[in-house]
2 protein chains.
Amino acid sequence: MTGLQTSPHCDVTRWWLKKIYDSMGAPNIRIAVGDGEPYPTDTDDAVATVRIDGWRTLASLVLNPEIGFGEGYRDGRIDVPGDLVQFLQTTIASMPASAPGWCARLSSRWLYWLQANTRRGSARNIRHHYDLSADFYKLWLDAKLVYTCAYFPEANATLERAQIAKMDHVCRKLQLQPGEHVVEAGCGWGALALHMARHYGAKVTAFNISHEQILVARDRAKREGLEKFVEFVEDDYRNISGHYDAFVSVGMLEHIGRHNYETLGQVIHRTIGEEGRGLLHFIGRNRQHAFSPWIRKRIFPGAFAPSLAQSLEVLESWNFSVLDVENLRLHYARTLEFWLERFERAWDSVVNMYDLEFARAWRLYLAGSIAAFRVGNLQLFQIVFAGANSRQLPWTRAHLYTDEGDEKDLWIRAIS
Amino acid sequence: MTGLQTSPHCDVTRWWLKKIYDSMGAPNIRIAVGDGEPYPTDTDDAVATVRIDGWRTLASLVLNPEIGFGEGYRDGRIDVPGDLVQFLQTTIASMPASAPGWCARLSSRWLYWLQANTRRGSARNIRHHYDLSADFYKLWLDAKLVYTCAYFPEANATLERAQIAKMDHVCRKLQLQPGEHVVEAGCGWGALALHMARHYGAKVTAFNISHEQILVARDRAKREGLEKFVEFVEDDYRNISGHYDAFVSVGMLEHIGRHNYETLGQVIHRTIGEEGRGLLHFIGRNRQHAFSPWIRKRIFPGAFAPSLAQSLEVLESWNFSVLDVENLRLHYARTLEFWLERFERAWDSVVNMYDLEFARAWRLYLAGSIAAFRVGNLQLFQIVFAGANSRQLPWTRAHLYTDEGDEKDLWIRAIS
């Protein structure tokens, strides 16, 4: 049976191959089933050839392309010898912008419901990803364990430098002053909170619902002698209380679900009031679009990447002023290139730590993310905002691009 | 009758004064009717005292505060001896954020309907404002007649320098290259179009429906020897055709009406496609809010200042990538301070050219705008965007803040 279906002479398989290929927008790749001849046959300069083990896998691609491809790649039924990133990039770029099929929509909704970001749901979703051992992330992140888009002042900067530059970029955008009190929502392993305390003299209260991450962060604060300045709280952002000069959240908005934007805005408003300022850093999109169902299934349960207008729902109801938006999508592609390269070098350790399926799933996630940020399927937005009565508005953004230490002169009072 | 009503002893007048004062949020000002004692009586450090001629004017303030105040100030029934800007700033800042009364809403809707931005409506609305003689605007604008928010690299820059810096800021944000073809929608008297041609080697096609402005712009192009590079077209933005490398619009979005955002997006998309880039510069708000009904009545018929999210309706349906948003609200306050100062110096000429009511209306508009931008009632957004397949994305924004001539090295190809 299999032999018959995968034979280059089988008309049914060829018919389906053509269907799939055309529905992908005829990208410059080739698809082969079993040992059969790749389709299309007349392409010599294809970027890559994807190999599918048999007709069952082919059928899964027809029924639900994204889940079918992700699951097939994960357990080795689908393989892409050669440059996986280039293959995904070519594929994503040629994909028609139309809505996914009914089956994908249905499974996406089903996942959505299953992964709802109630307080308990959020905890479950976040633990799925961030409670993986820090030892795993240490295999391929930078030394400070910063698991968000870096900022490369020069395109050829190292990852370590770019992560520090990102933290400085955030602090400068917030115009942090010594003695100010910052609240951070979703603090990872604590790198930014510790950076703000050490280099900007800020007092920081940082929230995270990942138990594993909080333990690591607290340990780092102790070892760095910063416990008096940085408090790591294992709790949901919805439970933030107290008054702060600034609110910062790097890489959390993607995880809270759109139905919680109003709540997040409320939390920010009760935290910094009409006078404070804040920064949101998150993965977004050019326009409304559902998140990849496979990424939601295997990597980031509950994830949603908003359009810029959607993300502003957090801020507009509370009359916050948007001061600055920067799109760093190419910086995320570069960051992910570093991560994937290190991940590949640590391949055997990852397989030993988990298993081959886990390693293949994560490779696909990293490679697919590089492709999506390069092509523009995903964006990375940093929004700087201020309360309606904030008196601290930077006159220009030039201070972000100079190395001068004292930036106080660059501030003016909005109302003299 | 009048004597009775305006007497400091008249209880009815005092009752209404208190009502009005409280509904304004009890700002640090005083209100007096006729020669009566100002209310509140216990304030010695009030920023200003507003004088109202009699009970009829007082009643107009009760029924429709904004129109009542604007019309009363315009024809001298209301006066604000002393610092008008400071008075308006204090008043706007203390005003509760709640919706205006039914009467204001009604008249606002009536005006809205009357001023609809159909093609004929737009032409009527724009001519109301921009077909005023250029000689009038020459009295108080900069030498190049730039009638939009300037950009002050240093807070103490002159207006002339700041308007040139604004045009450079726009061109740098667009990363204009010699030989590129730009389309400008709403070009005023042509300053930006001529600047792009002269200093960046661009070819420009610039649209405007103000006949007076187009005549002046064409004359300038001829005198500056730039007719071969800049074409000024007297037509509606909806009639733009052809393909361009970049789309730019400075100060037009406020005038087109929100129901035309989709059309504008369509025009931009058919103009620059998936590869081009663009810039929108416009007056906006922190959140949805109707435009001042008096400004719509007397100064800018058909005007509407969108929230940032609302403005993104222009871009998101067409899958444009937002690359950069900058809020220059304090720069508009500074720009308007220059305009008002020059306007006051030219007061007698303005009165001679039109009449006292016209001059007082424009003074109120300029002073009120300063107050609104200072307090944050109005914002000024510059959005840089690019087509989904644009290959020209700046790596960082540092190039906006250096004086290096050749910026080509700062560009990278999104997809290598």
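**Exercise 1. Work out how chain B is related to chain A in this predicted model.**

Step 1. Take the superposition. A rotation of 180° brings chain B onto chain A, with 0.0 Å of shift along the axis. The RMSD is 0.0 Å.

Step 2. Name the symmetry. The two copies are therefore related as by a two-fold rotation axis.

Step 3. Check the surfaces. Of the contact residues of chain B, 100% recur in chain A, so the same surface serves both copies.

**Exercise 2. Describe the side of chain B that touches chain A.**

Step 1. Count. Chain B gives 36 residues to the contact, and chain A gives 36 residues.

Step 2. Find the elements. Helix 15 (308-311), strand 9 (321-327) and helix 19 (356-375) of chain B each give two or more residues. Strand 9 of chain B has the largest share, with seven residues.

Step 3. Sort by class. This side of chain B holds 20 nonpolar, ten polar and six charged residues.

**Exercise 3. Show how strand 9 of chain A meets strand 9 of chain B.**

Step 1. Get the direction. The two strands run antiparallel.

Step 2. Count the links. Three bridges join them.

Step 3. Pick one pair. Asp324(A) has Glu326(B) as its bridge partner.

**Exercise 4. Decide where chain A calls for caution, using pLDDT.**

Step 1. Start with the whole chain. The mean pLDDT of chain A is 88, and 89% of its residues reach 70 or more.

Step 2. Locate stretches with pLDDT under 50. Residues 98-109 of chain A are one such stretch, with twelve contacts beyond four places in sequence. Residues 404-416 of chain A are another, with 19 such contacts.

Step 3. The ipTM is 0.90 and the pTM is 0.91.

Terms used. Residues numbered from 1 in each chain as written. Chains lettered and ligands numbered in written order. Predicted model: local features only at pLDDT ≥ 70, side-chain atom pairs only at ≥ 80, totals over all residues. Contact = placed C-beta atoms within 7 Å. Helix = DSSP H or I, 4+ residues; strand = E, 2+ residues; numbered from the N terminus. Nonpolar A, V, L, I, M, F, W, Y, C, P; charged D, E, K, R; others polar. Pairing = 2+ DSSP bridges. Least-squares fit on C-alpha atoms with pLDDT ≥ 70 in both. pLDDT = per-residue confidence, 0-100.
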